[in-house]
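I opened my notebook to look over a model and jot down what I found. Here is what I had on the screen.

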Amino acid sequence: QRPECRISIGAGLRPNDYNVRIPDITVSCGPLVDDRLLAEPIAVVEILSPSNANDTWGNVALYTTIPSVREILVLHTADIRADLLRREEDGTWPDNPLTLTLGDTVTLKSIDFTAPIAAFYRTA
């Protein structure tokens, strides 16, 4: 729905002057700072495994400091579950993410994307 946007895998985000983080998937509608760093990410997807949970949530906290980021989706690997954080109209973030489970629909308003949560997982 937004032809000026691109999906990036492995591209870096700079939440401040001394950190670069590399989310699993990023949607950006702005220019590239260089060939591996995005200037204006709007949606970020992280895949959370039990072994890296603290690092992933630390990265999520840093992503919330990037003014252009509107939504952050954290997909769990231990079960079919996702946590969605969406920036409020006043620019603040909710205290707690919206938890989605099997049967729920994921909607990323910033990129006009909707899919059942099961679409993110391989099932037998």
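Below are my entries, from the overall fold to the pocket.

**Entry 1: the model.** I noted before anything else that this is a predicted model.

**Entry 2: secondary structure.** Following the sequence, I wrote the pattern down as β-β-β-β-β-β-β-α-β-β-β-β-β.

**Entry 3: overall dimensions.** I checked the radius of gyration, which is 14 Å; a compact globule of 124 residues would come out near 14 Å, so the chain agrees with that expectation. Along the principal axes, the C-alpha atoms fill a box of roughly 40 × 35 × 30 Å.

Entry 4: Then I turned to contacts with a separation of 6 or more: 39% of them join residues 24 or more positions apart.

**Entry 5: the largest pocket.** How much space lies in the largest pocket? I got about 210 Å³. Its lining includes Ile7, Ile9, Ala43, Val45, Leu73, Leu108, Ile111, Phe113 and Phe120, along with Ile25, Thr26 and Val27. Two elements give two or more residues to this lining, β4 (25–28) and β7 (41–48). The largest share, three residues, comes from β4.

Entry 6: I sorted the lining residues by type and got eleven nonpolar, one polar and no charged.

How values were computed
Residues are numbered from 1 along each chain as its sequence is written. This is a predicted model: local features need pLDDT of at least 70, side-chain atom pairs count only at pLDDT 80 or more; totals for chains, interfaces and linings use all residues. Side-chain values use heavy atoms; hydrogens and water are left out. On a 1 Å grid over the protein atoms alone, a cavity is a set of points where a 1.4 Å probe fits but cannot get out, and a pocket is an open set with protein on both sides within 12 Å along at least five of seven lines; lining residues have an atom within 4 Å of a point. Grid points are joined across faces, edges and corners, and a volume is the space filled by probe spheres set on the points. Helices (H or I, at least four residues) and strands (E, at least two) are DSSP runs, numbered from the N terminus. Ala, Val, Leu, Ile, Met, Phe, Trp, Tyr, Cys and Pro count as nonpolar, Asp, Glu, Lys and Arg as charged, and the others, Gly among them, as polar. The radius of gyration is taken over C-alpha atoms; the globule rule is 2.2 Å times the number of residues to the power 0.38. Contact means heavy atoms within 4.5 Å.
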